[in-house]
Amino acid sequence: MLPKRWNSLIQGMGGTVEADYWAYGADDFVSIIDFPDGAAAVACSLALSRSGAVQLTTTPLLTAEDMEAAAQRLPNYRAPGA
């Protein structure tokens, strides 16, 4: 569970904590947080990171609809030498 002061920051940026998980391996803790937009997520990440209290990695998650929309926008591209 995230510290209350972090929850206040997240909520202040319009975010909600959807889930928290303890883990082992490269990451010790994983939170799934829903923000209204990418800028809010990055601003929150920067604020927490610059405090020096935590090292963060953010990974935007995409829905199936997001992937379908991206697939519809694929340009005609051919790699050099292909």
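The model is predicted.

The core comes first. The largest nonpolar core holds 7 residues in all. These residues are L2, W6, I10, F35, A40, C44 and L48. The largest share, 3 residues, comes from α2. In soluble globular proteins, nonpolar side chains tend to be buried together.

I10 is a core member and lies in helix α1. Its relative accessible area is 1%. I10 therefore counts as buried, since the cut-off for that class is under 20%. Beyond its neighbours within four places in sequence, I10 is in contact with L2, G15, T16, V17, I33, F35 and C44. Among these partners, L2, F35 and C44 also belong to the core. I10 and L48 are 38 residues apart along the chain. Their C-alpha atoms are separated by 9.9 Å.

W6 is another residue of the core. With residues up to four places away in sequence not counted, W6 touches L48 and V54.

S45 has a relative accessibility of 16%. S45 is thus buried, because this value is under 20%. Leaving aside neighbours within four places in sequence, S45 is in contact with L56 and T58. A47 has a relative accessible area of 26%. A47 is therefore partly exposed, as this value lies between 20% and 50%. A47 and L9 are 38 residues apart along the chain. Their C-alpha atoms are separated by 8.8 Å.

T57 is found in the loop between α2 and α3, the latter covering residues 64-72. Its relative accessibility is 66%. T57 counts as exposed, because the cut-off for that class is over 50%. T57 and A19 are 38 residues apart along the chain. The C-alpha atoms of T57 and A19 are separated by 16 Å.

The surface was examined next. Y21, V30, I32 and L61 make a nonpolar surface patch. The patch covers about 380 Å². One of its residues, I32, is found in strand β2, which spans residues 29-34. I32 has a relative accessible area of 34%. I32 is partly exposed, because 34% lies between 20% and 50%. Patch residues need over 30% relative accessible area, so I32 passes that cut-off at 34%.

Aromatic rings were then compared. A search of the whole structure finds 1 aromatic pair. This pair is formed by W22 and F29. The ring centres are 4.7 Å apart. The angle between the planes is 70°. The pair is edge-to-face, because 70° is over the cut-off of 60 degrees.

W22 has a relative accessibility of 69%. W22 counts as exposed, because 69% is over 50%. F29 is placed in strand β2. At 25% relative accessibility, F29 counts as partly exposed. F29 and V54 are 25 residues apart along the chain. The C-alpha atoms of F29 and V54 are separated by 11 Å.

Notes:
Residues are numbered from 1 along each chain as its sequence is written. This is a predicted model: local features need pLDDT of at least 70, side-chain atom pairs count only at pLDDT 80 or more; totals for chains, interfaces and linings use all residues. Side-chain values use heavy atoms; hydrogens and water are left out. A nonpolar core is a set of buried Ala, Val, Leu, Ile, Met, Phe, Trp, Tyr and Cys residues joined through side-chain atoms within 4.5 Å. Buried means under 20% relative accessible area, exposed over 50%, partly exposed in between (1.4 Å probe, protein chains only). Helices (H or I, at least four residues) and strands (E, at least two) are DSSP runs, numbered from the N terminus. Contact means heavy atoms within 4.5 Å. Patches are made of residues with over 30% relative accessible area and no salt bridge: like charges are joined within 9 Å, nonpolar side chains (Val, Leu, Ile, Met, Phe, Trp, Tyr) within 5 Å. Accessible areas come from the Shrake-Rupley method with a 1.4 Å probe; for residues, only the protein chains shown count as cover. A salt bridge is a side-chain nitrogen of Lys or Arg within 4 Å of a carboxyl oxygen of Asp or Glu. Rings of Phe, Tyr and Trp (its six-membered ring) pair if their centres lie within 6.5 Å; planes under 30 degrees apart count as stacked, over 60 as edge-to-face and the rest as tilted.
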